[in-house]
Amino acid sequence: MVALVRTVAYLGLEARAVEVQCHVGPGLPRFNVVGLADKAVSESRERVQAALSAMGLAMPPKRITVNLSPADLPKDGSHYDLPIALALLAAMGVTDAEQLGDWIAVGELALDGRVVASPGVLIAALHASESGTGLICPAEQGPEARWASGVPVLAPSDLMSLLGHLKGSLVLPEPARGAVAEAVSGNDLKQVKGQETAKRALEIAAAGGHNLLMVGPPGSGKSLLASCLPGILPDLTPAEALEVSMVQSVAGTLEAGRISRARPFRAPHHSASMAALTGGGLKVRPGEVSLAHLGVLFLDELPEFQRPVLDSLRQPLETGQVDVARANAHVTFPARVQLVAAMNPCRCGYAGDPARNCNKYPRCIGDYQARLSGPLLDRIDLHVHVGAVSALDMALPPPAEGSAEVANRVAAARARQVARGVRSNAELEGERLDHYATPDEAGHKLLFQAAEKLRLSARGYTRMLRVARTVADLAGAETVGRVHIAEALSYRLMTG
């Protein structure tokens, strides 16, 4: 007899249908799993056998073959345990094979028969919604699966209770949908003394989703400014929150099915590898740039990152996605991020400071900043100098305007951009860019003169126009004028 159970294979944020076929036939006792399975899937034989033994069931003294179809699709992960166990139980006649045809099963098995969590349940639930089937998943991930609308969910805590439900001897309750996590309040702009130019650049970056680079000496407040950014960004829309949660689900970081409306803020250490930043590894997983999707990727001490690692961000910053190519798989993860970076002006950090001497000036500046490639800097819309803060500045009372007031202006500017059909001005391109960001006559004249003098690349020209459109949005202006172009250009002068 051959029993069939449906499950999925994960390729990035895509779920591919997989059929678990189990055959129990005559021959020497043996348990084989075939179908391009990795080590974790092959080891499921031991977990399944131990789980059945914990239920008081013995493996039949026959030849057991489990095939994961299609056989040429790579299978990895522990979520194949549960469908393999169910297919084997159906082939043994313990449960009804036809009844399992209406379900997709995912979950890892413990040796005592418990069904434990595995990454990617939300992706599997969305796939079940599209295919019109139900989903069987671990109990602790039932709230996560319930975010997929219209999907019947069975969330057993162990294999025995699942069999009882299938046989009708008990009823598993429908899991409740996961809660919406409350946003954690970060630092407030009222904590920042001085730095009005940098705060203005931060507001523009938040309003338009633009990339930002802050350059200044140690202790000038660059990291503090970056940590204030989440507090002035608008919340994710429900559709965006689901999109972000899909990345977290496949990465295994979505806890208790809680979905957050706060935008992600990721700040990897400068020792991060290329795979950690952009994704990859032996089992391809999303990197920091994908975990920051629709949020902020903060890179502190930017030149301290390895140059190849930084240059690997050039394509994601332009396309909004990461393509991880391997010999046996090609995986795409979303990566629409807002890059915020901070760096010292030189290795010692005090170049240009009249109170401190840089012994290797100006060579120290050139060598340090040469670690950043021109194409990467060209993808950063705003370049701002963050000056040193004196003791007198620190003694001043907190500023009257904080994150709440700035967030209101940012929200109003973003609402204008959404009305244009884009999430932010950073995504303006083509006809929309020409229609909404073309400056008036005076602005066009200034733009033409500056583009010639600064030798802006085509990318730099486009990004500068987007920044000017954001400045106009913050001012409530319908047309991009000369003053908006001038302010946008002031943030390109550092790199020319």
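Domain 1 and domain 2 bury about 1400 Å² between them, with 70% of it on carbon and sulfur atoms. Buried area is the accessible area (1.4 Å probe) that two parts lose on being put together, summed over both. This is a predicted model: local features need pLDDT of at least 70, side-chain atom pairs count only at pLDDT 80 or more, and totals for chains, interfaces and linings use all residues. Residues are numbered from 1 along each chain as its sequence is written, and side-chain values use heavy atoms, leaving out hydrogens and water.

Across this interface of domain 1 and domain 2, the rule finds zero salt bridges. A salt bridge here is a side-chain nitrogen of Lys or Arg within 4 Å of a carboxyl oxygen of Asp or Glu. Five residue pairs are in polar contact between the two domains, both residues at pLDDT 80 or more. Such a contact is a pair of N or O atoms within 3.5 Å; within protein, one must be able to donate a hydrogen and the other to accept it, and residues adjacent in sequence count only if both atoms are side-chain atoms.

## The domain layout

The domain assignment, automatic or from a database, gives domain 1 (2–167), domain 2 (189–401) and domain 3 (428–495). The C-alpha centres of domain 1 and domain 2 lie 41 Å apart. Their contact (heavy atoms within 4.5 Å) takes 17 residues from domain 1 and 18 residues from domain 2.

## Salt bridges

By the same rule, the count comes to 27 salt bridges. In one of them, Arg114 meets Asp112 at 2.9 Å, N to O. Arg114 is partly exposed at 42% relative accessibility, and Asp112 is partly exposed at 47%. Buried means under 20% relative accessible area, exposed over 50%, and partly exposed in between (1.4 Å probe, protein chains only).

Glu203 pairs with Arg200, their closest N and O atoms being 4.0 Å apart. The two sit three residues apart in helix α7 (residues 196–208), so about one helical turn separates them. Helices (H or I, at least four residues) and strands (E, at least two) are DSSP runs, numbered from the N terminus. Glu203 is buried at 6%, whereas Arg200 is partly exposed at 26%.

## A link across the sequence

Arg459 and Glu318 form a salt bridge at 3.1 Å, N to O. Arg459 lies in helix α20 (residues 458–475) and Glu318 in helix α13 (residues 314–319), so the pair ties together parts 141 residues apart in sequence. Salt bridges that share partners join Glu318, Asp378, Arg379, Asp381, Arg459, Arg463 and Arg492 into one network.
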